[in-house]
Amino acid sequence: MSENKKTGREYGKTLVTNLRNYLMYIALAVIFIVFQILSNGSFLTARNITNLINQTGYIAVMAVGMTLILIIRQIDLSVGFVAGFLGAAAARLLKAGVAVLPTILIVLAMGVMIGLVQGLIIGKVGVPAFITTLAFEFGFRGLLTLITEATGTIPIQSDVFYELSNGFIPELFKIGDLSGSCLIAGAISMALIVFSEIRKRKELKRYKFEDMPVLLFILKLLFFVALIGTLTVVLAGYRGISWTIVIVVIVVAIYSFVMNKTKVGRYIYGMGGNPEAAQLSGVDIKRILIGSFASMGLMAALGGILYTSRLGSATPTAGMGFELDAIASCYIAGVSTSGGVGSVANSVIGAFVIMSLTNGLNLIGVGISYQYLIKGIIFILAVALDVRSRGKKALG
Amino acid sequence: MNDYILEMHGISKSFPGVKALIDVNFSVKRGEIHCLVGENGAGKTTLMKVLSGIHPYGSYEGDIVLNGQIMKFNTIRESENTGIAIINQELALIPDLTVAENIFFGHEIMKRGLVDWNETYKQADIYLKKVGLNINPRSLMRDHRVGTQQLVEIAKALSKNAKLMILDEPTSSLNEEDSANLLRLLKELQKQGVTIIMISHRLKEVVSIAETITILRDGATVYTMRADEEEITENKIIKYMVGREMDNIYPHRESCVTDEVLFEVKDWCAYNAKSGQTVLKNINLKVHKGEIIGMAGLMGAGRTELALSIFGNTPEYKITTGELYLEGNRVRFSSPKDAIKKGVAYATEDRKKNGLILIQDIKFNTSFANLDRIRNRGVINRNEEVVQANKLKESINIKAPSVQQILRNLSGGNQQKVVLAKWIFATPKLMILDEPTRGIDVGAKFEIYTLMNEMVKQGMSIIMISSELLEVIGMSDRIYVMHEGKITGELSKSEATEQKIMHFATNTEELS
Ligand SMILES: Nc1ncnc2c1ncn2[C@@H]1O[C@H](COP(=O)(O)OP(=O)(O)OP(=O)(O)O)[C@@H](O)[C@H]1O
Ligand SMILES: [Mg+2]
């Protein structure tokens, strides 16, 4: 395609392929609009959106970990009660007087250990992931009951720990009703995105590659700016940026970097695409597998911490069904069931889609039984749409 | 009389960024063997997929006229019902089913709503006999060699009562003996009234078997040649295929062999970890710097096993004794990773199974075995990757709109070139190539041979495992012949002949 002139039809095609990549965002927007209408305007309030984000945090980080697992054609069914158990462990440690930072570090390390052990059983012993992680799910359900048995619910006594999922970055100043720190953070992230996109484009120019047309590029930038702008203003109207947002953004940034810019990321995608070929190309596939499960354990621990902090206590049933929400988030976001394809950033948006459903349905007063029913239907529809638009099918 | 069983008129078909077929006309006479030839990516497979309904009606332009009637196939099933059977480039057998189950897969013999197993096995036996196979229909598909599998595919086609049989590169993964066998069978089927369309890059067999040859180039029919109208020669076919005369199939080469031994294998033995069987017995070989070693032998002689046991210490051939020396130092590769790090590369023979990551694009696959080359302080530079991949794509002429093309959408031969690109990119000291030109057209073969010459000129050494005797003779400085896990002969370039190689490849008498 050396011709420089593009026909209108080709422009159309570029637009369509680009839109396809943003399908998730469009889905999210549609859900927002529907709930906004159904709830008579109480869905898209500063308060509720803040709430929604803080609610999503624990599933979002677990979806990030799960994305890697699904890409390498494995599955992790244990993260629900592993997260529940580790949350309770954190509560116990705090109760025993351990300081917040050591508690968090210990719990995260425990998560990594649990993931490592599962990875070793799967990778070295050769028990399939489905079975290993199912067994761990049973086991940790038992352990969770054990450590919460004596006391029942364990309340969190540390304010700092509680702040993790309920607190906000400190206020610097106020502009009218709006939070100043939030506006600054918003402005900085807008600038960062515009800057990095322009740099990317320049780099492409330097290599003399064809990039998307200028018009489309500007549209894309405007879209991002508008999105972040709106979010910033909305959040600033309530209490600003929560610590959950900060944590999720950091996690996504690190994982995206690893997946897209490092050897390990390449190996993960390659191994997902064809493990045998990857191995014969010099990938230590066992190490990648064990590492992925360790990372999943870490994210489960973080999820457990966020959830416990959110509730302000550890309960005997915490963690039930988290794994399914995390898996659904990934699949809704286009992770392939046959492996090799997926993106952590999209999976986080997938988590938002799932949680905004729960949040919105709650808001308009739909009963829990119908909530599950509706979630199931939307899940199928979303994946069907994704599959059709990419022209890949489950069979043939 | 011109009795055409099939006429395809003005067929055009496009994929995003690729015009695969442009106004192709293709006519096949009843009862003939018609060969379809052309360079990699010329559109041969695509044309046959259009014919058999794999690319359904509506996804292409033009008409398919079968027995005088226009056909509009929406599925492969519909084309099968009219007597068309296609055997794809990539075999479609299910390894864990029995031979009989495979033959009747999709059109089982039923009795009162249940599968009639007695009849199934009885019928299977009859069809197996028809293709000259003497195997148990109850045996598992996975236990049979590729040659046998290919024949089972034909038995399957016959069981569907095929009148028009399409074979896409049926001999590309067969050795000479199995190939000859298959061609004989096709002749036999022809006598029984089956019309055959065969795609092949092996021009010798095309010349020997075809009544008519249609040549495709860049998605268009360039010439149709009939044996009863003109004399058919390989050179003529090549001329139309590549658009110019090719005087030589092998590029001129000067020996770059040095006295320095790069790699040495001493008393190497390997056992199959599962069955305990010995697969390699006391292998001794030497590779000099700048040398191209040919490894000849029949299928199952242990050449791939030798490569894998050296390179990967893979689970199947784990237990090995013996010594390896690389540049004079004793080595052992604990994993492919280790081998690659130390400068040994192995390009597998089965690109689909373990050579490539088909869901990824050209650049991803090209850089995969040597990401360090595009990394800068640990960070992958994607733009640099595109530049590098593009360079290789140009130099070995991979036909694709861009290096961002997903491999699944490339023609078979172009996929094979990506395998080579990947290992060239890894810049090893010793490159083991397992059937490097399988399914590659004459022009591209020439390019690959030229590339091999380049590599040895730069001081690399190559071990080339190949079942094509002429290729082994044409390209090697020295040849080892294997038979049943042993090296039975060693020949220098000047002494090598087809007869001598075949003698060692079939004879157990060891050369001392
Ligand atoms: N599904 C697809 N999507 C996009 N492009 C495709 C697809 N299938 C085939 N092509 C392209 O169409 C062209 C013709 O491919 P085809 O497989 O018919 O070649 P071929 O003549 O069979 O080559 P070979 O000898 O290498 O098998 C190639 O350029 C190929 O990349
Ligand atoms: Mg083909």
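A crossover is called right-handed if, with the strands pointing away from the viewer, the path from the first strand over the helix to the second runs clockwise. Helices (H or I, at least four residues) and strands (E, at least two) are DSSP runs, numbered from the N terminus. In chain B, strand S9(B), helix H6 (residues 176-191) and S10(B) make a right-handed β-α-β unit.

This is a predicted model, in which local features need pLDDT of at least 70 and side-chain atom pairs count only at pLDDT 80 or more, while totals for chains, interfaces and linings use all residues. Residues are numbered from 1 along each chain as its sequence is written, chains are lettered from A and ligands numbered from 1 in the order in which they are written, and side-chain values use heavy atoms, with hydrogens and water left out.

Start with strand S9 of chain B, residues 164-168. Five of its five residues are buried, so S9(B) is largely enclosed by the rest of the structure. Buried here means under 20% relative accessible area, exposed means over 50%, and partly exposed lies in between (1.4 Å probe, protein chains only). The cover reaches both faces of S9(B): Leu164(B), Ile166(B) and Asp168(B) are buried on one side, and Met165(B) and Leu167(B) on the other.

Next come the partners of this strand. Two strands pair if DSSP finds at least two bridges between them. Strand S6 of chain B (residues 84-87) pairs with S9(B) in the parallel sense over four bridges, and Ile86(B) has Ile166(B) as its bridge partner in S9(B). Strand S10 of chain B (residues 195-199) runs parallel to S9(B) and is joined to it by five bridges. Here Asp168(B) stands opposite Ile199(B).

Further along chain B there is an open sheet of six strands, in the order S18-S21-S22-S15-S23-S24, with mixed pairing. Its edge strands are S18 (344-347) and S24 (486-492) of chain B, each of which pairs on one side only. On average, neighbouring strands of this sheet are turned by 20° against each other, direction ignored. Axes are lines fitted to C-alpha atoms, for helices over the stretch in contact, and angles run from 0 to 180 degrees between N-to-C directions.

Within this sheet, five of the five residues of S21(B) are buried, so S21(B) is largely enclosed by the rest of the structure. On one side of S21(B) the buried residues are Leu430(B), Ile432(B) and Asp434(B), and on the other Met431(B) and Leu433(B). S18(B) runs parallel to S21(B) and is joined to it by four bridges, with Ala347(B) opposite Leu433(B). S21(B) and S22(B) are also parallel and share five bridges; Ile432(B) has Ile463(B) as its bridge partner in S22(B). The chain crosses from S21(B) through H15(B) to S22(B) in a right-handed β-α-β crossover. Between strand S23 (residues 478-483) of chain B and S24(B) the direction is antiparallel, with six bridges, and Ile479(B) is paired there with Leu491(B).

Helix H14 of chain B (residues 412-425) lies across S18 and S21 of chain B, at about 175° to S18(B). Helix H15 of chain B (residues 442-457) lies across S15, S21 and S22 of chain B, at about 145° to S22(B).

The last topic is aromatic rings. Rings of Phe, Tyr and Trp (its six-membered ring) pair if their centres lie within 6.5 Å; planes under 30 degrees apart count as stacked, over 60 as edge-to-face and the rest as tilted. A search of the whole structure finds 17 aromatic pairs over all chains. One of them, Tyr58(A) with Phe322(A), is tilted, at 4.7 Å centre to centre and 50° between the planes. Tyr58(A) lies in helix H3 (residues 46-71) of chain A and Phe322(A) in helix H14 (residues 322-332) of chain A, so the pair ties together parts that are 264 residues apart in sequence. Tyr58(A) and Phe322(A) are both buried.

Tyr223(B) and Tyr240(B) form a stacked pair, 4.1 Å centre to centre with 5° between the planes. Tyr223(B) is partly exposed, with a relative accessible area of 25%, and Tyr240(B) is partly exposed at 24%.

Notes: Contact means heavy atoms within 4.5 Å.
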